[in-house]
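Colleague: Before I use this model, I would like to go through the terms in its description. Please set each one against its criterion.

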Amino acid sequence: MGKKMNLKAKIINPFERKARVTCSMCELSYLARNYVILYENEKVAFFKMKVPSQRLKIYCHDCLYKAVHNGMGVLKELKLEMELIDHTVNLLFSK
Ligand SMILES: [Zn+2]
């Protein structure tokens with residue numbers, strides 16, 4: 001394994017989501033119609049992300065950062081590309 005890793009996370013668009021959304025780590029869960037309201041009030045956002053050796057999973061924003069941190073393992077640096085609804089943000093994690 002190299003010394004750097006890149007991960008991609010894609011937001012679950014609350015305006016398109018029809019089904020309940022549930023975080024795979026903490027089990028925080030909302031009906032689609034409540035997710036829209038909470039998202040619009042900047043209370044919560046859910047993302048899909050695939051960490052190497054794991055399947056694609058759904059994370060709430062808190063757990064997303066925990067999963068990224070856990071996924072770093074012994075790495076010193078990790079880039080996270082977050083695809084939001086209308087733009088992309090690149091974050092650099094280091095320890
Ligand atoms: Zn969570």
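Modeller: Along the sequence, the pattern is β-β-β-α-β-β-α-β-β. That comes to two helices and seven strands. Bear in mind that this is a predicted model.

Colleague: Why is the chain called as compact as a globular protein of that length?

Modeller: The globule rule gives 12 Å for 95 residues, and the radius of gyration of the chain is 14 Å, which is close to that value, so the chain is called as compact as a globular protein of that length. The C-alpha trace spans about 40 × 25 × 20 Å along its principal axes.

Colleague: What makes E5 and E7 edge strands?

Modeller: The open sheet has five strands in the order E5-E4-E1-E6-E7, with mixed pairing. Strand E5 (56-60) and strand E7 (88-94) each pair on one side only, and are its edge strands. From one strand to the next, the twist averages 30°.

Colleague: Which strands does helix H2 lie across?

Modeller: Helix H2 (residues 61-72) lies across strand E1 (4-11), strand E4 (46-50), E5, E6 and E7, and runs at about 125° to E5.

Colleague: Which residues have the most contacts inside the largest nonpolar core?

Modeller: They are Phe 46, Phe 47, Met 49, Tyr 59 and Leu 64, in a core of 18 residues. At least two residues each come from E1, helix H1 (32-40), E4, E5 and H2. H2 gives the most, with four residues.

Colleague: What is Phe 47 in contact with, beyond its neighbours within four places in sequence?

Modeller: The cut-off for a contact is C-beta atoms within 7 Å. Phe 47 is in contact with Ala 9, Lys 10, Ile 11, Ile 12, Tyr 59, His 61 and Leu 64.

Note on methods: Residues numbered from 1 in each chain as written. Predicted model: local features only at pLDDT ≥ 70, side-chain atom pairs only at ≥ 80, totals over all residues. Pairing = 2+ DSSP bridges. Axes fitted to C-alpha atoms, helices over the stretch in contact; angles between N-to-C directions. Contact = placed C-beta atoms within 7 Å. Core = buried A, V, L, I, M, F, W, Y, C linked by C-beta atoms within 7 Å. Buried ≥ 20, exposed ≤ 12 C-beta atoms within 10 Å, placed from the backbone. Rg over C-alpha atoms; globule rule 2.2 N^0.38 Å.
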